[in-house]
Structures are given as C-alpha cells and as structure tokens.
Amino acid sequence: MSSTGTKLGPSVAAEKTLLRALLVEDNALDATLVVRALNKDGFDVVADVVQDEAAFRRALHKNLPEVVLADYNLPTWKGMEALKVLRAERLDIPMILVSGALGDVTAVECIKQGATDYVLKDGLARLPEVVRRALREKTEHILRRRVEEDLARKVDELARSNADLEQFAYVASHDLQEPLRMVTAYTQLLSERYAGKLDENADKYLGYASEGAQRMQILIQDLLAFSRVGRNGSNYSSVDCNEVMAEVLKTLAPTIQESGAVVTPSELPRVWSDRTQVTQILQNLIGNAIKFRDKEAPKVSISAEKAGAYWQFSVRDNGIGIAPEYAENIFVVFQRLHARTEYPGNGIGLAICKKIVERNGGKIWFESQPGSGATFKFTLPLHDSDGGNGPQ
Amino acid sequence: MNANEVDILLADDSQDDIDLTLHALRAENLANHVYIVRDGEEALDFLFCTGPHAGRSFDHPPKLVLLDLKMPKVDGMQVLRQLKGDARTKTIPVVLMTSSREERDMAQGYDLGVNSYVQKPVDFDEFRKAVKLLGLYWMVTNQPPAGTGKSHSAGQSK
Amino acid sequence: MTTNRQLLIVDDNPADIGLAREAMKQCAPGCQISSVEDGVEALAFLERRDKYKTAPRPDLVILDLNLPKRGGLAVLAAMRAGPALRSIPVIIFSTSKLSKDVVRSYELGANCYVCKPGNLTEFFGAMKSIEQFWFGSATLPPRGE
C-alpha cells in the first residue's frame, strides 16, 4: 500500500463526461472496479486513490475532485473522516460512500452526518446514477444560492435607495424651510406695511409673491409628511378601525358640517397596523370624498369585507367621479386633476395613502365614472388573531 | 389628578394668594393640572419623589414650579437651591413668585439659577394680570424640557 | 416700563433679527435693541471687549442655537460660568424642536426655550409674549454694573 496516490488514467472514448474523482480506498482491486463501473456508464474518470488523511489533503489541493468516493472502513482511516476534512477545508464536494456491508442504520447515520449517498460494493451498477444525481444536485444548489444572493443584494440596494430618497426628501424639505420662512415673513410684512402706499401693480405683485411663498410652505410641509411615512418607523398594534373612524369624524367635523355631508360608516374590522397611518388613510379618503363633491350634498359610506388574505375597505361617494384613464396618475405625488381654482389641495393626500397601504402589504385603487361618484378601495392584510370582528 | 400629570406645582402658604393664583390661571384654562403644597418640605417631597410622594416619577416633572419664598418648614430659597443643585431636577422651570421686595432675595434667586422672578403685585387686578401673563408665557410660549409643549386652546396672539 | 430696557439679540440670520426688531418696535417702542450675528461677537459684547467697550449690559438676551464661530450653547455655558453674566436671563430662540436641544439648553442654564414660529403672525405673537412677560411681569435682576 503506498501512501502516495495512484493515478488511473482516462480511457479513450467518445461522448463521455470527464469526471475528476478522489477515491479513498486501500484495496487496489476495489478501486479499479469502481472506476470501471463509472467508465462503463458514460463517465471518463480521472482518479486519485489515497488511503490516509495526509494523502487525501495533498490530493485535494493538487487536483480538486468533483466527487469523493470513500470506503467506510479502512484499516488506518475512516471514510467519514474524509468528510470532516472536506468540511474543514470548506469544500462543497459530494462524498459518496462505497462500502462493503453497511447496515441501514449506519448508512442513514452517515447521510445524516453529511455523506451524499452510499453504494454497496456488490451493487456498483448503481454508482454512475448516484454520482450523476449528486453532481446534478450540487449544480442546482449553486444556482439557487446565486439567485438568492442576487435577490438579497437587489433588496438591499432597493432599501438603501429608498432610504436615500426619503432622507433627501426630509433634508430638502427641512433645509428649504428657513429661506422660505424669510420670504414668507417679509412679503407679508411688506404687504402689511405698504398696502395702498405704492401703486396698485405693486400691491398685486406683492400679493402674488406672498401667495407663492405660502403655497410653497404648504408644499414643503406636505413633502415632509410624505417622507415621514417611511422615516419614523411604524408602531404596529391591533387597531380597531371603528375607533379610528370615530376619531376621523371628529377631526373632519367642521368640513362635514359645512358641506352638509352625510358620512355612514359600517362596522369595521380590527387590523394589524400603525394606528396613525390607518387614520391618515381614512382621513384623506373621506376628506377627498367630501371635497370633490357634485351639486348635491356629499354622501360617503365606508365598509369593509374579507377578500382572501386581506380586509378590503371601500370608501364610496356621490361626487364628481374620476375618468378611468387617471387610474395610475391620481396616486402620483403632486399630481392634480383640476385647476387650483376649482378644488384646493396639493395632490399629496392620495400619494401618502398609496405609500402607507403598500408599506402594509396592500393595494389601493378606485372604481368610478365621471359624474357618478367614486369608490376608493384599499386592502390591508388580515391579522393572525382576527376573530369575528367586522363583516364576514 | 394623577401625580405624574401635574403641569404646575404651586408652593405657597397663603390661602388668599393660592386662591387668587388659581382664579387667574383658571381664566386662561391653565388650572386643570395644578398641584398645591403649602410648605417647602412637601414641595421637596413632591419634586424629589419622597415621603408621601414616593410614588411619583422623575420622568414626569411638572412643567412649571411656582414658588413662594416665605414658607414654613423649608423656605423657597432652600427649595430652589436643592432643585437647581440636583441633576434630576435642575431643568424644571422655576418661577419665584413672592411678595418679598428684598433686592437681596432677587439677586440670590437669580444666582441660584431661578428661571424667573416675579414680585406679587399688591393690587388685586395687577396680581391677576401678572399670573395670567406668567401662565401664558410659561405654559404656552415656552417649551419645557420634558416632553413637547402642551397643546393649548387659549389664544396666544393677543 | 420698556424705556431703557436693553435687549441683545444673537442670531446669524439678519432677516430674523430684522423681524424681531420689527416685532419689538410694535410692542415695546422704548426698548433698546442690540444685535450680533455669531457667538464670538456675542461674548465680546457681553464682556465689553474690543469694539464693544461701551456696550450696554443687556437686561435680556435672545439667543439662537445655530451660530457660526461659537454656537449658542457655548455662549450660554460661558455666560453661566462666571458671576458677572450669570444672572442675565437668556431665552433660547431656535427653530429646533429637538428634545436634546431643549433639554441641553435648560441644563446649561437657559431660563426658557421658545421655538421660532414659522409664520409672521406667530413670530410676532411670540415676541410680544416674551416682551409682556420679561419686561412686564417679571422682575429682572439688578443691573449692578
């Protein structure tokens, strides 16, 4: 028995798969039989044969094998020890036990410990298929890992990019506030001090400047609110939407009274979400429903029903309606469908709603025709412990 | 009232002055969370969460302490000295509100770090006006160190 | 009551100083207002050094936090360090609402903290409230030159 490896050269054949194998075997005849079994069935084997750990390690470094075929029981070494070496060297090479009698229990135990498979020496006909399968699984494993790493990297980039955007929006809005404050304060001061003292064009110009500055202040505050949706982190808890509804009605009370609106909420469920954010969604949608009213007094109804793994909320109104071609547009930041003189507002409310809903894993959309009102719908995932609260 | 939700701690041994102060604060809607102590010892117990006030927390200090100088057991200057000398309480705004006209008292108060010093007017109406301005300033305009300023309905721009 | 009152405003934004002066002109016409735009100037003024040898001692200081050269908190700490300036009331007047700025200001000895309002009406309102309390009800420390 030599302590250095013996090389068994490749046989000449066409259409064969080259296979670099490392055999841990002390019986020369057994080694030959293993190689022959593989060569007979589509492989072109280049093999090193070793009997001890030192030789094993040397062979690994000299000529990295694609597969290790090890006898379970060698006089000076054990096949499973080879597995430990592979692990220590962090080599992800399949190891197949080729052994004499090997009880089922031992075999299973070996596989549990990491051997890829086992083949009995009197059943070598199975060996080629076993090797093929082992190689195939390894390739799949590598591919899958690469895909996962790719995905993880993309998710990471996206998260970072989002964080950057939000950070930018925050910083921009925050830093814009001071110079804007200067403009607003002084245009207002000018208006107050010099109203009527300069010619009438001056009054008009001052008015435009003032108005522009004030609008910008509101825009920046809205932008800050929008950026805040991601930044502040969320406080998730079990939220009773009926309580939220009551709060929203209280906040909107002046608008409701002034417009003569009739708001009818149905029984609403509990959801697992950030309470402030749920309040924001409902307040924005109901506020819009009242704002974009038609000639008659606004009627708004709010309901929810289970839809698969979600609660689907509906806010329905009898207002001016929305043409379906604005389906995408309407949720874009600062996108407005009407002149500022017709309906006030910056066009950020729906963008905030969309951001919140999507952060919670849901969707938001509307159904409408111009002149016949609109129904805004959004989904929020069901909470695990959702009992029978809310409509079935 | 929850001892951890006190906005103003009023320390004074004169019932007349207490009544007048409360009356003036009430007119500005600022009297909802006023706690009254009548001597310096109880003031210290309250602010240092000891004795009968052991259940109080340092995390919920009052937004303002209105302190008279001449009080039994422990006088106002002593209370002030202890408050401003302890890291746990030194940031609590303290207004010495006293009838003392001694310049020495005033100098000493400012030296010890009192936030402001108000001499109680002798005149009834002036007293009420002083408390009103004081209340509005410290409870509305001012931003106290603990928590955000209280949102308050009374108009600020007069 | 406001004649002869000396006010020092420390703010790096001349526009904000201008607004404060306008506001004070309305509610306290007799008040004398000095202003400086950074922390080093502020301390020179208060200690009456260099070109400020004849500067009046302020009865009240309105101090912004974000100042060049030396920040508001450093000025405050310097004022509280010695007996000469320790008793002058200081109002921190800043756009910052951050709790750490507020708490630190009180810790270093600010008498009070007022957030700079965003619009003109509230700004003037805040200045008026400051003037009414500090130059009205409060008894300011003796000037003791």
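These notebook entries record what I looked up in the structure, chain by chain.

**Entry 1. Ground rules**

I note that the model is predicted, so that local features need pLDDT of at least 70 and side-chain atom pairs count only at pLDDT 80 or more, while totals for chains, interfaces and linings use all residues. Residues are numbered from 1 along each chain as its sequence is written, and chains are lettered from A and ligands numbered from 1 in the order in which they are written.

**Entry 2. Chain A overall**

I began with the elements of chain A and found ten helices and 13 strands. Helices (H or I, at least four residues) and strands (E, at least two) are DSSP runs, numbered from the N terminus. I then looked up burial: of the 392 residues in chain A, 30% are buried. A residue is buried if 20 or more other C-beta atoms lie within 10 Å of its own, exposed if 12 or fewer, and partly exposed in between, with C-beta atoms placed from the backbone. Among the contacts in chain A with a separation of 6 or more, 71% join residues 24 or more positions apart. Two residues are in contact if their C-beta atoms, placed from the backbone, lie within 7 Å.

**Entry 3. A β-α-β unit in chain A**

I followed strand β5 (residues 95–99) of chain A, which runs parallel to strand β6 (residues 117–120) of chain A and is joined to it by four bridges. Two strands pair if DSSP finds at least two bridges between them. In this pairing A:L97 stands opposite A:Y118. With helix α4 (residues 104–113) of chain A, β5(A) and β6(A) make a right-handed β-α-β unit. Right-handed means that, with the strands pointing away from the viewer, the path from the first strand over the helix to the second runs clockwise.

**Entry 4. Two packed helices in chain A**

I looked up how helix α1 (residues 28–39) of chain A meets helix α5 (residues 127–194) of chain A: the angle is about 75 degrees and the axes are 8 Å apart. This makes α1(A) roughly perpendicular to α5(A). Angles under 35 degrees count as roughly parallel, over 145 as roughly antiparallel, 65 to 115 as roughly perpendicular and the rest as oblique. Axes are lines fitted to C-alpha atoms, for helices over the stretch in contact, and angles run from 0 to 180 degrees between N-to-C directions. On the α1(A) side the contact is made by A:V34, A:A37 and A:L38, and on the α5(A) side by A:L127, A:P128 and A:V131. By class I recorded six nonpolar residues there, no polar and no charged. Ala, Val, Leu, Ile, Met, Phe, Trp, Tyr, Cys and Pro count as nonpolar, Asp, Glu, Lys and Arg as charged, and the others, Gly among them, as polar.

**Entry 5. A mixed sheet in chain A**

I traced an open sheet of five strands with mixed pairing, in the order β8-β10-β11-β13-β12 (chain A). Its edge strands, each pairing on one side only, are β8 (262–265) and β12 (364–368) of chain A. Within the sheet, strand β10 (residues 299–307) and strand β11 (residues 310–317) of chain A pair in the antiparallel sense over eight bridges. There A:S303 stands opposite A:S314. Helix α9 (residues 275–291) of chain A packs on the sheet and touches β8, β10, β11 and β13 (374–381) of chain A, its direction making about 25 degrees with that of β11(A).

**Entry 6. The sheet of chain B**

In chain B I found an open sheet of five strands with parallel pairing, in the order β2-β1-β3-β4-β5. The edge strands are β2 (34–37) and β5 (116–119) of chain B. The twist averages 20 degrees from one strand to the next. β4(B) and β5(B) are joined by four bridges in the parallel sense, and B:M97 stands opposite B:V118.

**Entry 7. A buried helix in chain C**

I noted that helix α2 (residues 39–46) of chain C is largely enclosed by the rest of the structure, because six of its eight residues are buried. The buried residues include C:L43, C:F45 and C:L46, and they pack against β1 (6–10), β2 (32–36) and α3 (72–81) of chain C.

**Entry 8. Chain C against chain B**

Lastly I looked up the interface, where 26 residues of chain C are in contact with 25 residues of chain B. The largest share of the chain C side, nine residues, comes from α5(C). By class, that side has 14 nonpolar, ten polar and two charged residues.
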